[in-house]
Amino acid sequence: MKVLLSWLREFAPDIVGDPVELGETLSALGLAVEEMTITGEGLDGIVVGKVLDLRPHPDADKIQLVDVDRGDGEALQVCCGAFNMAVGDLIPFATIGTIMPNGMEIAQRKMRGQMSNGMCCSAEEIGLGADAEGIMILEGVGDDQLGAPITEALGIETDVLWDLEVNANRPDAMSVAGVARDLAAGLGIPFAFPEFPFTEGGGPAAESVKTVSEAAKVELLDASLCGRFLARVLRNVTVGTSPQWMQNRLTAAGMRPINSVVDISNYVMLELGQPNHTYDLAKVPNGHLRVRRATEGETITTLDDIERTLTAADGVIANGDDLAVGIAGVMGGASTEISETTTEVLLELAWWDPPSISRTVRRLNLPSEASVRYRRGVDWGVNMERAAARFVQLLQAGSVESGGATTDVGMIDERGTTPDRSPLRVRPAKVNGLLGTELSADAMADHLASIGFVITPAGDDLDVVIPTWRWDTETETDVAEEVARMYGYENIIKTVPKGTDAGALSPYQIARRRVREVLVGAGCDETQPMPFLAPGDLAAAGLPEEGVTLTNPLVHEESVLRTSLLPGQLKTVAYNQSHRIETMRLFEIGHIYLPAPEGQLLPDEREALAVALAGSEAPAAIELLKLLESTFSLPNVQIRPTTPPGLHPTRAAEVVIAGQHRGEVGEVDPVVAEAFGVAGRVAWLQLDLGAVLNGPHGRRRYRRISKYPSSDIDLAFVIADDIAAANAEATIRKAAGDLLVRLDLFDSYRGTGVPDDARSLAYRLRFQAADRTLTDDEVATVRQSVIDTMAKKHGAALR
């Protein structure tokens, strides 16, 4: 958004001071100054010249020779690369010795053998527009100004131009008046709208004046699309050239002057932030307009002569015959376009539903200055009437400048659905809490009132009526932001919010780290395979193939989410063995993804722990389980014989903790190992880590360390294969009682001397009393109790 200082002063005359400091104030208010320029400077030496003759350059096709009169009657030859001039045109002419705004000095020089005595200037070269394609033709300048300085001929005065960054949540700042309101509030000076008087029903052709209801009619068929629609009828309009002062301001604001009617329309939009649209009344049957949603597939040819297809979500303005003549809030239709022959104008000012306009603009890719404002939310209050008055005033300003138009009496004002502007309760304590300030309610009220909010005290709180030009402001938080802007972010003391609790690891995170420490201490290395598997990996691992399949995998070979850590660990073992590392101790903590239970949309995601011991048998995995059991004081850990998927049919079991299934332990099925290219045995442990660590654990029972000697005995039992070693161990512990302080399985034997359906399990038992040295008789008694209990419960015989 570009604004001129002189334009701002029309709303706040007391804006004075250094332009840099004013720019800093604007930036502090949230309207960041991206660039500041001083207009009207650097044009000394540029005068009004007249084209006397045009002829080809004898040695260059892309250059012509132009004879220019700079006001002294002498024809100066100039070499020029533009071809848009005609004999008699008045142009900006830079004389020899002129320093151009870009720093270039104009000197006499030869171009392909022809002398050039100055330069014909484009609008861009003298800072009066963005057009650099051709020489600027001074259409509003007469021969009586030939040789006059360009600043005098065009009424150019030194001014300050700021290019502001206006964010989407500041629709009010998309106008000169809105910027002036903010700047005046920031400087603590008065702000007011000028009066825009015009003559209603008068003028040189007053006898032709009618009431607006006789000439036009507006129907709102969709109140949600259009919240308010104003219409005026203007007659005796002459479409000509807008005054030079208006052209200068439009050019400075980045808009190209076109004609008096279009220029006034753009000027009012820039000045007051209210887009508007003009129709050639003669092209609108009976002046009848209908506001509705488009029908699916409806077409319209817009002002750019492109036929566009609409959807039912788009809004249109249709004529009385229900033919679309404009896309609501986006672009008018070619069928009602203003032309040089237009004498009667139907003026439209409307408030369109911002989301509806936004959807249409995005779908049609039709951004414009008007649609940007409609999308952000324009004013639906008195500013619409003010903009209509300003339009009429400018059009009536003079018969030479703008046609001396008349306007029909009255104005059509149709209303639909607009945002609710009931008072919003604002709590000063809440605002101070959000901002980290200690402002009083009165101070907040003053800040808000300075930018148009209406404040009513409500006890310790404030009832705030949000102005109609702030569509973006809806909540107490939005109001707090406005208080912060006007108080000044730079005045808010920087503080670091203090929480009630210092940041720390959760108990689960601490326990998970402890798991890593224990396993690393046991000689294991952590691995982190990807959670994606190839189709068939689950089946190769002996697992159910009901995995979650990705619809957009990075590669097809990894399109299934793992339901177990087993495939990934086996792939890691195989990779290492292929590099001649035969034995290894690996572990992984990672997520697995089980199919979603009935009634649940997302997969059942769990965190699991897996340990793979290549070159080791099942007891090695059980030892690690016992290590974890002792470290975390897991309650009632049992190993129950079963055949988990993917594990050895006779060397595997489920892990039960506190009566709940929590994982598997044993050896990998040789068939599965072979499928993944793994040689030898692989001991395996997998636990549902989340369930284990979130379940009961850590309630450690401590016993006094005995100062008395211990006694060790070895017992080897021949026991049936179908009896788990864990069950035998539990029986031994129960039979030995409190004197047993340690129990280790140190050998498992099958072979000569042992029946085919049994094996020998050798245990080392350590006995120790807390208050005495055990006698041989006491040790013998406990030993016999263990032997008898094993025989009775499991049919085990002592070897």
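In the predicted model, residue F532 has L561 of strand β29 as its bridge partner. This pair belongs to the contact between β27 and β29 (residues 560-561), two antiparallel strands joined by two bridges. Both strands are part of an open, antiparallel sheet of three strands, arranged in the order β27-β29-β28. Because β27 (532-533) and β28 (548-549) each have a single partner strand, they stand at the edges, and one side of each is left without a neighbour in the sheet.

A second open sheet comprises seven strands in the order β26-β30-β31-β35-β34-β33-β32, with mixed pairing. Its edges are formed by β26 (525-526) and β32 (637-641), each of which pairs on one side only.

Five of the six residues of β14 are buried, so the strand is largely enclosed by the rest of the structure. Strand β11 (residues 217-220) runs parallel to β14 and is joined to it by four bridges; here the bridge partner of E219 is R290. Strand β17 (residues 315-319), in contrast, runs antiparallel to β14, with five bridges between the two. In that pairing, L289 is partnered by N319 of β17.

At the level of the whole chain, the assignment gives domain 1 (2-40 + 159-187), domain 2 (46-153), domain 3 (212-415), domain 4 (424-488), domain 5 (507-694) and domain 6 (711-798). The centres of domain 1 and domain 3, taken over C-alpha atoms, are separated by 27 Å. Contact between these two domains involves 15 residues of domain 1 and 14 residues of domain 3.

In helix α11 (residues 428-435), the buried residues are P428, V431, N432 and L435. Viewed down the axis of α11, these residues fall within an arc of 95 degrees, so they line one face of the helix. An α-helix has 3.6 residues a turn, so residues three or four places apart point the same way. A429 and G433 are exposed on the other side of α11. The buried residues of α11 pack against β23 (424-426), α12 (441-449), β25 (461-465) and α13 (476-487). The residue following α11 is G436, which has a positive phi near 75 degrees.

Helix α21 (residues 776-794) contains 19 residues, which at 1.5 Å a residue should span 27 Å; the C-alpha atoms at its ends are 27 Å apart, in agreement with this expectation. The buried residues in α21 include V779, V782, V786, I787, M790 and H794. These cover an arc of only 135 degrees around the axis, which puts them on the same side of α21. The face turned away from the buried side carries the exposed residues D777, T781 and K792. Among the elements covering the buried residues of α21 are β36 (711-720), α20 (725-736), β38 (758-767) and β39 (797-798). G795 follows α21 and has a positive phi, near 70 degrees.

Residue I150 is located in helix α3 (residues 150-153). With a relative accessibility of 0%, I150 counts as buried. Beyond residues up to four places away in sequence, I150 touches L43, I46, V47, V48, P92, L138 and I156. I150 and T773 are 623 residues apart in sequence, and their C-alpha atoms lie 118 Å apart in space.

For C80, the nearest cysteine sulfur is that of C120, at 4.7 Å, and C80 is in no disulfide. C80 has a relative accessibility of 6% and counts as buried. C524 is likewise buried, with a relative accessible area of 3%.

Methods
Residues numbered from 1 in each chain as written. Predicted model: local features only at pLDDT ≥ 70, side-chain atom pairs only at ≥ 80, totals over all residues. Heavy atoms only, no water. Pairing = 2+ DSSP bridges. Expected span 1.5 Å × (residues − 1). Buried < 20%, exposed > 50% of the residue type's maximum accessible area, 1.4 Å probe, protein only. Arc of directions from axis to C-beta. Contact = heavy atoms within 4.5 Å. Disulfide = S-S within 2.5 Å. Domains from an automatic or database assignment.
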